[in-house]
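Colleague: Could you take me through this model before the meeting? I would like to begin with the overall layout and then go into details.

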Amino acid sequence: MDWIRLTKSGKDLTGLKGRLIEVTEEELKNHNKKDDCWICIRGFVYNVSPYMEYHPGGEDELMRAAGSDGTDLFDQVHRWVNYESMLKECLVGRMAVKPTISKGKPWHL
Ligand code: HEM
């Protein structure tokens, strides 16, 4: 089966049954194996394990971004690739927004 067909087969490609979750850095890092591989691109997290064997650049290249933010690597190699459409069915969710530490006075003072 080719990749496009697999994405249209109705198979659950994230293992989350279509549910979208907020992903923390910690959680992202945990998914760094070939058969459980999440990659973040521009704030969106994808489960790329089902895509692994279809990636034209090979599994090892894809694994360089495993469990991390692959935006820079992705852009260095192929900015033009339409990953959003290709990996639509692999979307796990968004990165959770990190609480920022205020540098000014605490608001209550
Ligand atoms: C996660 C989403 C990714 C998707 C959907 C994706 C998709 C693709 C596609 C469609 C191609 C063929 C491009 C073409 O022939 O013009 C390709 C090639 C390639 N990709 Fe990816 N890729 C992804 C991530 C990455 C990452 C993170 C890396 C590097 C660390 C990478 C490295 C490569 C390389 C080296 C090639 C071969 C380029 C060549 O030989 O011309 N890819 N990828």
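Modeller: The following turns cover the basis of the model, its fold, the ligand shell, the core and a few individual residues.

Colleague: What kind of model is it, and how are residues numbered?

Modeller: This is a predicted model, in which local features need pLDDT of at least 70 and side-chain atom pairs count only at pLDDT 80 or more, while totals for chains, interfaces and linings use all residues. Residues are numbered from 1 along each chain as its sequence is written.

Colleague: How many helices and strands does the chain have?

Modeller: The chain has five helices and six strands. Helices (H or I, at least four residues) and strands (E, at least two) are DSSP runs, numbered from the N terminus. In sequence order the pattern is α-β-α-β-β-β-α-β-α-α-β.

Colleague: What does the C-alpha trace span?

Modeller: About 60 × 30 × 25 Å along the principal axes of the chain. Histidine 108 and arginine 5, 103 residues apart in sequence, have C-alpha atoms 56 Å apart. Histidine 108 is in the segment after β6.

Colleague: Is histidine 108 buried or exposed?

Modeller: Histidine 108 counts as exposed because it has 4 C-beta neighbours inside 10 Å. A residue is buried if 20 or more other C-beta atoms, placed from the backbone, lie within 10 Å of its own, exposed if 12 or fewer, and partly exposed in between. Of the 109 residues in the chain, 22% are buried.

Colleague: Which domain does UniProt place at residues 20-96?

Modeller: The unreviewed UniProt entry places "domain: Cytochrome b5 heme-binding" there. UniProt positions are given in the numbering used here, feature names are shortened, and annotations may be inferred rather than shown by experiment. Over residues 20-96 the chain is 30% helix and 29% strand, with the end C-alpha atoms 12 Å apart.

Colleague: Now the ligand. How many residues surround it, and which are the closest?

Modeller: The ligand is surrounded by 18 residues, and the closest are Pro56, Gly57, Glu61, Ala65 and Leu73.

Colleague: What is the shell like by class?

Modeller: The shell has twelve nonpolar, four polar and two charged residues. Here Ala, Val, Leu, Ile, Met, Phe, Trp, Tyr, Cys and Pro count as nonpolar, Asp, Glu, Lys and Arg as charged, and the others, Gly among them, as polar.

Colleague: On to the strands. Which ones pair with β6?

Modeller: Strand β1 (residues 21-23) pairs with β6 (residues 91-95) in the parallel sense over three bridges, and isoleucine 21 stands opposite glycine 93 in β6. Strand β4 (residues 44-47) pairs with β6 in the antiparallel sense, also over three bridges, and tyrosine 46 stands opposite leucine 91. Two strands pair if DSSP finds at least two bridges between them.

Colleague: In what sense do β3 and β4 pair?

Modeller: The pairing of β3 and β4 is antiparallel, over four bridges, and tryptophan 38 has asparagine 47 in β4 as its bridge partner. This hairpin has two residues between the strands, and arginine 42 there takes a positive phi near 45 degrees.

Colleague: Why does arginine 42 count as exposed?

Modeller: Because arginine 42 has 12 C-beta neighbours inside 10 Å. Lysine 17, in the loop between α1 (3-7) and β1, has a positive phi near 55 degrees.

Colleague: Finally, which residues touch the most other members of the largest nonpolar core?

Modeller: In this core of 17 residues they are Trp38, Ile39, Val45, Tyr46, Val48 and Cys90. The elements giving two or more residues to this core are β3 (36-41) and β4, and β3 has the largest share, four residues. A nonpolar core is a set of buried Ala, Val, Leu, Ile, Met, Phe, Trp, Tyr and Cys residues joined through C-beta atoms within 7 Å.

Colleague: What is valine 45 in contact with, leaving aside its neighbours within four places in sequence?

Modeller: Valine 45 is then in contact with Val23, Leu28, Trp38, Cys40, Val92, Gly93, Arg94 and Met95. Two residues are in contact if their C-beta atoms, placed from the backbone, lie within 7 Å.

Technical notes
A residue is near a molecule or strand if its C-beta atom, placed from the backbone, lies within 6 Å of it.
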